[in-house]
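Hi,

Here is the structure I promised to pass on. Have a look at it first, and then read my notes below.

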Amino acid sequence: MISDPRSRAAAFCDRFGIRVPILLAPMAGACPPSSSMAVMRAGGFGACAALLMQPKEIEDWAAEVRANVDGPFQINLWIPEPPPVRDRSHEARVREFLLRWGPPVPEDAGDMTLPRFEEQCQTSLRIAPAAVSSIMGLYPPSFVAELKSRRISWFATATTVAEAKKAEAAGADVIIAQGMEAGGHRGAFDATKAEQQLVGLFALVPAIVDAVSIPVVAAGGIADGRGVAAALTLGASAVVMGTAFLRCPETKLHPAWAHALAKTTPEQTILSRAFTGKPARSIATDYVRAALAPDAPTPAPYLVQRGLTTPMRLEAQKAGDVQRMQVWAGQSAALARAESASVITERLWSEAQALLRETAIDRR
């Protein structure tokens, strides 16, 4: 492995055709083409969060980006899990609890389905992005073989050293090391362990770097040049940033969410299953705190809980009520700036380079 942080980042950039070792995080519902275009214009790596998208929507996303800017982007998919075990009586208790926070929840609200994973995979192959990324597990060998045959890189998200080793053995080209600081959903392969195996990025990155022979990209709580420089110093070849870009005009975030991020300290974020049934980090709103209270019913499984909370979330969005909205946030939320994603990408890399140069001089 290249030991010098700047040389390591340069090698990663050369390999993937970017000028800046900054990747936009794929964030479902908060990752429009405009965000990727802005990051890519500054020399970074774009991202399509395809979890909730039908094949035509993924194709349209890619076509819009490619029509406006040259550069690489990833298409991100969740590895599906077995269908949830339904408990209608428990769901009724969850619906009753949610009635305190929003409109009545229909009995069939939990009957949600996602787009067909196999069709999303085939769409990704047709689009042929620079990378297809995974979260919540590993792609099947047959799909990995298809990626390899088309020279599409596989970026595999890992939250532990063990997951990173499994991903490398399965054929991953890059490991995205997701620290517990990250906003949104935890990428754990086993959802039952996602809330126990909480490893901070400063511990996770060097541990994974030492355990695998492929490049490692750091994700979670990085939102300024200091974070970029620190991640590269710890052995990462690049960084992924999500929350840092949420307040950018290109992201088109709900104003109430964007305003809340600006005043959210690290301890004001929290990990819960309150919105979707999977552990995810959000702002600790009134609803989330109530959902975690001892007298509240435990959330229904994913994807059922997502369906049950939909009426509340939609009403909250219309009202601009951040206390009931699904407001994902990483622990560095307050560092996010309401500036163009292009400006942020360029500035953060400039800041990081200055810090890395200073460090190199001090070592002499």
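Starting with helix α2: Pro-33, Ser-34, Ser-35, Ser-36, Met-37, Ala-38, Val-39 and Met-40 are all buried there. That makes 8 of the 9 residues in this helix, which spans residues 33-41, so α2 is mostly covered. Just past the end of α2, Gly-43 has a positive phi of about 100°. Do keep in mind that this is a predicted model.

Next, the cysteines. How many disulfides does the structure hold? The count is 0. Take Cys-48: its closest cysteine sulfur belongs to Cys-31, and because the two sulfurs are 6.9 Å apart, they are too far from each other for a bond. A disulfide would need the pair within 2.5 Å.

One more residue to look up is Ala-92, which sits in helix α4 (residues 88-98). Is Ala-92 buried, exposed or partly exposed? With a relative accessible area of 31%, Ala-92 is partly exposed, since that category lies between the 20% limit for buried and the 50% limit for exposed. If you want a distance to check on screen, the C-alpha atoms of Ala-92 and Glu-358 are separated by 59 Å, and these two residues are 266 residues apart along the chain.

Cheers

Notes. Residues are numbered from 1 along each chain as its sequence is written. This is a predicted model: local features need pLDDT of at least 70, side-chain atom pairs count only at pLDDT 80 or more; totals for chains, interfaces and linings use all residues. Side-chain values use heavy atoms; hydrogens and water are left out. Buried means under 20% relative accessible area, exposed over 50%, partly exposed in between (1.4 Å probe, protein chains only). Helices (H or I, at least four residues) and strands (E, at least two) are DSSP runs, numbered from the N terminus.
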